[in-house]
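User: I would like the terms used for this model set against their cut-offs. Please start with the pocket.

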Amino acid sequence: MQSSLSQTPYYGTAQTDHPLYSGDQPILITGQALDRITDLPVPNVPLRIGFGTRGYRWYQTVTTDSSGDYSYSYTATPGFAGSLT
């Protein structure tokens, strides 16, 4: 069996602006793309943010800016309650 997986020369970090959210408050996710060897920021590259809840997973593609940073705002579907990882 062959795999089409490959390791990029960079990886991404992610953090949210709050530990908990409620109601229709948007979740702000920020981070950077960093070079795997030098740990320096990598500008203008794609990253995939992964989400998971109740056994369901999905991804959102973001692109870093000229400083290697990104920001993504996610608003949960009305009626959603529970843990999102």
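Analyst: The second largest pocket holds about 250 Å³ of space, a volume being the space filled by probe spheres set on grid points joined across faces, edges and corners. This is a predicted model, where local features need pLDDT of at least 70, side-chain atom pairs count only at pLDDT 80 or more, and totals for chains, interfaces and linings use all residues. Residues are numbered from 1 along each chain as its sequence is written, and side-chain values use heavy atoms, leaving out hydrogens and water.

User: Which residues touch the most other members of the largest nonpolar core?

Analyst: Ile29, Ile49 and Tyr72 do, in a core of 13 residues. Such a core is a set of buried Ala, Val, Leu, Ile, Met, Phe, Trp, Tyr and Cys residues joined through side-chain atoms within 4.5 Å.

User: Why is the pair of Phe51 and Tyr72 called tilted?

Analyst: Rings pair if their centres lie within 6.5 Å; planes under 30 degrees apart count as stacked, over 60 as edge-to-face and the rest as tilted. The centres of Phe51 and Tyr72 are 6.4 Å apart and the planes stand at 55°, so the pair is tilted.

User: What makes the pair of Trp58 and Tyr74 tilted?

Analyst: Their centres are 6.1 Å apart and their planes at 45°, so this pair is tilted.

User: Why does Tyr74 count as buried?

Analyst: Buried means under 20% relative accessible area, exposed over 50%, partly exposed in between (1.4 Å probe, protein chains only). Tyr74 has 14% relative accessibility, so Tyr74 counts as buried.

Note on methods: 1 Å grid on protein atoms, 1.4 Å probe; cavity = no way out; pocket = protein on both sides within 12 Å on 5 of 7 lines; lining within 4 Å. Phe/Tyr/Trp six-rings, centres within 6.5 Å; stacked < 30°, edge-to-face > 60°.
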